[in-house]
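Colleague: I am new to this structure and would like to learn how to read its features. Could we take them one by one?

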Amino acid sequence: MSDGPRVIIVGAGLGGLTMALLLERAGIQYTVLERSVKIRPLGSATGLGFNIMPLWDQLGILEEMKAISKVIEYTTVFKENMDVIREVKLKDNKALTGYDSLIMSRIDLHTLLRSRVPSEKILMGKKVLSILQNDNGVMVRTSDGMTHDADILIGADGAYSAVRQSLFKQMARDGILPRSDSEQLKVCHTSFLGTTTPLDTEKFPGLKDDFSHCDTIIGTNRTETWRYFTVSDNRVCWRIDVQLESTSFEQNDTFRNSEYGPESCGMIPDEWRAFRLPINGTMGDLIDATPPENVSKVMLEEKIFTTWHHSRTVLIGDAAHKMLPNFGRGALNAMMDAVSLANALYEMPSTSMNDIGAVFTEYYKERFATMTSELAASQAMSKVMAGQSRMDNVMRHVMLKYVPKHFQDKNVEYEATVRPQAAFLPRVENKGTLPVKPQKESKKFAALMATKATVSV
């Protein structure tokens with residue numbers, strides 16, 4: 001049994017499972033508490049780019065990930081009349097980074113990651129009611145009447161995080177919660193989404209291609225933008241985004257809406273079903289090919305909380321920073337959080353409050369500035385890809401029609417320098433032509449490797 005910290009991860013989503021995988025490999029004790037009684041096949045597509053691929057390569061999962069994915073060679077933006085606004089090529093990024101960008105259904109990715117976490121370490125039906133923490137540890141009380149104790153609590157339970165709500169309630173009572181953190185999430189869009197069953201490749205011949213068709217259609221004089229992504233097994237992940245006039249969201253609504261809740265297909269207006277698709281057919285064809293119980297309505301919010309940790313509790317992913325799901329940035333950043341936090345936890349010398357605080361602070365400093373920049377980029381991209389105001393249309397016209405490819409390439413070069421790996425596992429060599437931003441080396445892992453080398457001689 002490990003002498004390190006005992007950790008509770010709340011939330012068995014993509015971020016929580018990534019955290020669990022990393023702790024498993026680091027030899028750190030953990031338990032995952034998931035509120036759902038069973039996993040439901042909800043959600044649409046998840047795209048993963050070059051930033052996170054070295055980690056999956058390092059963990060030995062990359063080939064399995066490729067098997068459930070399609071490569072994104074390019075993404076195309078269309079007008080409603082099917083005129084092309086711009087095509088953005090991504091296939092050249094492989095030479096720069098060593099990896100393709102992949103896209104897959106969210107449920108396929110979730111199934112893969114969950115299969116790598118020992119089943120006995122994931123406890124289902126564990127809705128968090130409250131947390132209590134002090135110098136001796138942290139206790140989580142769940143709706144089944146049970147309590148769970150640990151040294152560290154990681155809230156990976158999404159935008160409506162019960163961990164964050166309980167933590168902020170305590171901090172507000174103690175008069176230490178920043179005012180901005182008491183404000184509600186701001187909702188910019190609502191989306192209907194789903195993943196079809198296998199489709200007829202004669203009607204949708206693009207499904208035969210090895211690469212994914214990742215297309216966005218921007219409505220003309222309407223508030224809707226619709227997208228689709230062809231994925232493995234002749235399926236299509238789809239999403240219809242509706243820009244909201246107001247960004248306010250009443251508190252009661254915030255906690256009444258879950259992130260992925262099944263909605264009746266009857267809620268989708270008939271006019272949406274007629275939306276045309278560049279790959280043939282209409283949105284109605286995709287909706288009809290999606291089991292009604294697998295169609296979801298989600299609220300799309302944006303907010304970076306100032307507080308990511310306090311005492312023995314720390315937040316990752318959407319629980320700490322929520323942004324619109326442009327090309328899988330939400331999932332990607334939750335995974336990047338997990339790498340940063342796992343590396344810091346591996347080096348932690350003890351479970352004292354001072355050492356835990358130092359680890360959380362290191363994680364926060366590494367990730368907060370990055371997420372601030374990510375939010376600004378996400379907001380700009382959202383206006384370009386889905387905004388319907390006069391200014392949004394002007395920005396879209398300029399950005400997609402006149403910004404040279406040179407600037408796109410420079411942005412890729414900047415982003416591609418950040419490709420983190422687990423500090424407690426052998427590193428995967430850089431497979432691309434672009435350099436990688438140096439990571440802090442693990443003294444603990446280096447000492448372990450030196451000891452093994454001595455023993456083997």
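**Reading helices, packing and burial**

Modeller: Start with helix H6 (residues 162–173), which has 12 residues and reaches 17 Å from its first C-alpha to its last, close to the 16 Å expected at 1.5 Å a residue. The expected span is 1.5 Å times one less than the number of residues. Helices (H or I, at least four residues) and strands (E, at least two) are DSSP runs, numbered from the N terminus. This is a predicted model, in which local features need pLDDT of at least 70 and side-chain atom pairs count only at pLDDT 80 or more, while totals for chains, interfaces and linings use all residues. Residues are numbered from 1 along each chain as its sequence is written, and side-chain values use heavy atoms, with hydrogens and water left out.

Colleague: Which residues of H6 are buried?

Modeller: Buried means under 20% relative accessible area, exposed over 50%, and partly exposed in between (1.4 Å probe, protein chains only). In H6 the buried residues are Val 163, Arg 164, Ser 166, Leu 167, Phe 168, Gln 170 and Met 171. They pack against several strands, among them E1 (6–10), E9 (128–134) and E12 (152–155).

Colleague: What do the length and burial of H10 look like?

Modeller: The 19 residues of helix H10 (residues 329–347) should span 27 Å, and its end C-alpha atoms are 28 Å apart, which agrees.

Colleague: How are two packed helices described?

Modeller: By the angle between their axes and the distance between the axes. Axes are lines fitted to C-alpha atoms, for helices over the stretch in contact, and angles run from 0 to 180 degrees between N-to-C directions. Here H1 (residues 14–26) and H5 (residues 106–115) pack at about 25°, with axes 10 Å apart. They are therefore roughly parallel to each other, a term for angles under 35 degrees.

Colleague: Which residues make the contact between H1 and H5?

Modeller: Contact means heavy atoms within 4.5 Å. H1 supplies Leu 14, Leu 17, Thr 18 and Leu 21, and H5 supplies Arg 106, Leu 109, His 110, Leu 113 and Arg 114.

Colleague: Is Thr 76 buried or exposed?

Modeller: Thr 76, in strand E5 (residues 74–79), is buried, with a relative accessible area of 5%. Beyond its neighbours within four places in sequence, Thr 76 is in contact with Val 84, Arg 86, Glu 87, Cys 214, Asp 215 and Thr 216.

Colleague: How many helices and strands does the protein have?

Modeller: The protein has 14 helices and 21 strands, and 53% of its 457 residues count as buried.

Methods. Parallel < 35°, antiparallel > 145°, perpendicular 65-115°, else oblique.
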